[in-house]
Amino acid sequence: MAHILTVFFFITTFQTLSVLHGVYSHGNAHKCRSYCGNLTVDYPFAIQSGCGHSGYRDLLFCINDVLMLHISSGSYRVLDIDYAYESLTLDDPHMSTCSSIVFGHRGNGFVVERWREPYLNPTADNVFMLLGCTAESPLFQGFPGKHLPCRNVSGMGCEEYYGCPGWDIIGPKKVGVVYGSGPPDCCAVSFEAIKAINLTKLSCQGYSSAYSLAPLRVDGPHGWSYGIRVKYSVEGDDSFCKACEATGGSCGYDVNDFSSLCMCGSWNSTSNCDSVHSASHRRTWSLMDALTGLVECIAIWKLSATLGL
C-alpha cells in the first residue's frame, strides 16, 4: 500500500508540474505590455527591447513615469495613445500655442527617420503653422507676387491664429493672398504638403501645431487642441501577431535581424505558440523543464519497482 501511495504521489506531482510547465511554456499574451504613468504601452509599441513591432523599436522611453517619444527631430511627451484609432498625441514644450508665441528656433518641428516614414506620420487633420519664416524659405520659392502656399487645414489656419493673445506683444504682419514686402509671420501647411517640419531647413523661427477632433467643432483658436496628432500603422498583413496572441504569445522581433517572433514564455516561435518546437524557434530550457523531466523519471522508476519490472 505504501508503494502505491508513493507512486500516486509522484504521478500527481508530475501531472501538476506538467500543467504548470504548459502554462509557463505558452507564455503570457501580455508579457510585453507595460505601463508608464497613466499610459498603457502595448503592441505595436513597447518599452522593452525585442517586444512590439520592429518598426517602432527604440521609439518610446519611460522616464520618471513620463512616456517620451524620440525621433530624429527631437523628443516629445506622449499625452495619449489611442489604439482604436491608431494614433498618438504628442507635446513639444517649445511649440507655440494660443497663449504663447515661441521664436528662436527652439521647437522640434517634426521629422522622422526615413525607414520609419511608412509607420509614423502626422494625421491629415493636423495643421502646422510655421512662424517667422524668411523670404528665402523653401516655402516661398517660386511664389513671389503670386498666391502664397499657405492653406487652412481642417478649418484651422493663420487668420484665426492671429487672434490669439500670444500675438498681442509681437504684432503679427498680416499679408493677403500676395506679398511684396516679405512673407507673413505665419504660414499654415499640412504635413503631407512638405513631408517634414524642419525649422532650420525651412528658415523659420518657430511653429505651432493643432489638430481637429472631428466631429467636434470649436469657435476660434482658443479652443483648438494644440499638439501633434500622429497616425501609426503596421505595414503589410498583421495576421502573424494576431495568430501569436490567439495562442497565448506576445508579439516581438529578433533584435539581430528584426524578423517577427512570437514570444511564448521560455521559447520563441517564428509562427505561433501552438507550433511544434524546432531549432528555428530558439528554445531555451528552463528550471521547470528540468524538474518536470526529473519527476517523470522518478515516477516511472518507482512504478517499475512496485510492479517488479
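Me: What makes strand E10 largely enclosed by the rest of the structure?
Reply: A residue is called buried when its relative accessible area is under 20%, and 6 of the 6 residues of E10, which spans residues 206-211, are buried, so the strand is largely enclosed by the rest of the structure.

Me: How do you know that both faces of E10 are covered?
Reply: In a regular strand the side chains alternate between the two faces of the sheet. On one side of E10 lie Gly206, Ser208 and Ala210, on the other Tyr207, Ser209 and Tyr211, and all of these residues are buried.

Me: Why are E8 and E11 called pairing partners of E10?
Reply: Pairing requires at least two bridges between two strands; 6 bridges join E8 (residues 126-131) to E10, and 2 bridges join E10 to E11 (residues 225-226), so both meet the criterion. E8 and E10 run antiparallel, with Met129 opposite Ser208, and E10 and E11 also run antiparallel, with Tyr211 opposite Ser225.

Me: What is the mean pLDDT of the protein chain, and where does pLDDT stay under 50?
Reply: The mean pLDDT of the chain is 80, and 71% of its residues reach 70 or more, but pLDDT stays under 50 over residues 4-27, for which the model has 41 contacts beyond four places in sequence. Over residues 278-291 the pLDDT is likewise below 50, and this stretch has 27 contacts in the model beyond near neighbours in sequence. Where pLDDT is low, the predicted coordinates should not be read in detail.

How values were computed
Residues are numbered from 1 along each chain as its sequence is written. Side-chain values use heavy atoms; hydrogens and water are left out. Buried means under 20% relative accessible area, exposed over 50%, partly exposed in between (1.4 Å probe, protein chains only). Helices (H or I, at least four residues) and strands (E, at least two) are DSSP runs, numbered from the N terminus. pLDDT is the predictor's confidence in each residue, from 0 to 100. Contact means heavy atoms within 4.5 Å.
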